[in-house]
Amino acid sequence: MFKEGMLQMLGIGIYESLYMTLVSTIMSYVIGLPLGLALVATDKEGIYPILWLNKLLGFVVNVLRSIPFLILLIAVMPITRFVAGTTLGSKATIVPLVIAAGPFIARMVESSLKEVDRGVIEAAESMGASPFQIMFKVLLPEAKPSLLIGAAISVTTILGYSAMAGIVGGGGLGAIAMNYGYYRYQKDIMFITVILLVVIVQIMQEVGMKIATASDKRL
């Protein structure tokens, strides 16, 4: 297990897992953050209620979140092939990861924004702030610690998704665990990939929580 070739393969696996996770997280937030803001703003008690739009967005988010990732991974293969040119490897895996994580992040953002004290929003409205100003100058800054905690949870969730993608040749530590630990019955490889994934998750979670705590003005 500790031969140079195996260590090199594990190093590449760690790199691919981190690459898929971080790129997918960034792209998912490009989708999920505005979507979460829209869900909060258009709610019946939101700053710009549009009930039909809120119900439509909520329906789409709930449908995508209801599909298990492995099924979604297979179902969107035509989209993956169209976007990435292939369905194999770490780059291809980013497509289904973003589709799966975007709605999840939207709900995380929505939950964080709804924790903001209603009195703060009403004070901004009384001073003539526009819905756009309230979203970006009141809601997001006030919800920053909660949003960062949500980001830490999202990163670790996406890392777990990326490991599942190894079943269909997605690359990273998940692919190594499947190809060597499962198909070739090399339990030592399976064990070390599990340990590496646990360590990476713990580091990401700890860093995220420390950043969230440091940004909390209440502490």
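**Exercise 1. In which helix does N54 lie, and is N54 buried or exposed?**

The model is predicted.

- Step 1: N54 belongs to helix α2, which spans residues 51–66.
- Step 2: check accessibility. The relative accessible area of N54 is 15%. The cut-off for buried is under 20%, so N54 is buried.
- Step 3: list the contacts. Beyond four places in sequence, N54 touches L39, T42 and D43.

**Exercise 2. Classify R65 by accessibility and find its contacts.**

- Step 1: R65 is also located in helix α2.
- Step 2: its relative accessible area is 45%. Buried needs under 20% and exposed needs over 50%. R65 therefore counts as partly exposed.
- Step 3: compare sequence and space. R65 and L35 are separated by 30 residues in sequence, and their C-alpha atoms are 14 Å apart.

**Exercise 3. Describe how helices α5 and α8 pack.**

- Step 1: Helix α5 covers residues 90–113. Helix α8 covers residues 144–164.
- Step 2: take the geometry. Two packed helices are described by the angle between their axes and the distance between the axes. Here the angle is about 160° and the axes are 10 Å apart.
- Step 3: assign the orientation. An angle over 145 degrees counts as roughly antiparallel, so α5 is roughly antiparallel to α8.
- Step 4: assign the handedness. The crossing of α5 and α8 is right-handed.
- Step 5: name the residues. On α5, the contact is made by L97, A100, A101, F104, I105, M108, V109 and S112. On α8, S146, L147, G150, I153, S154, T157, I158, Y161 and S162 take part.
- Step 6: sort them by class. This contact has 11 nonpolar residues, 6 polar and no charged.

**Exercise 4. Which residues form the contact of α7 with α8?**

- Step 1: helix α7 runs over residues 131–142. Its axis and that of α8 come within 5 Å and cross at roughly 60°.
- Step 2: α7 contributes L140, P141 and E142, while α8 contributes K144, P145 and L147.
- Step 3: the classes are 4 nonpolar, no polar and 2 charged.

**Exercise 5. Which residue caps the N-terminal end of helix α6, and which residue with positive phi follows α6?**

- Step 1: helix α6 comprises residues 118–126. The cap at its N-terminal end is D117.
- Step 2: A side-chain oxygen of D117 lies 3.0 Å from the backbone nitrogen of G119.
- Step 3: turn to what follows the helix. G128 comes after α6, with a positive phi near 85°.

Technical notes: Residues numbered from 1 in each chain as written. Predicted model: local features only at pLDDT ≥ 70, side-chain atom pairs only at ≥ 80, totals over all residues. Heavy atoms only, no water. Helix = DSSP H or I, 4+ residues; strand = E, 2+ residues; numbered from the N terminus. Buried < 20%, exposed > 50% of the residue type's maximum accessible area, 1.4 Å probe, protein only. Contact = heavy atoms within 4.5 Å. Polar contact = N/O pair within 3.5 Å; in protein donor to acceptor, adjacent residues only side chain to side chain. Axes fitted to C-alpha atoms, helices over the stretch in contact; angles between N-to-C directions. Parallel < 35°, antiparallel > 145°, perpendicular 65-115°, else oblique. Left-handed = near helix turned anticlockwise from the far one by under 90°. Nonpolar A, V, L, I, M, F, W, Y, C, P; charged D, E, K, R; others polar.
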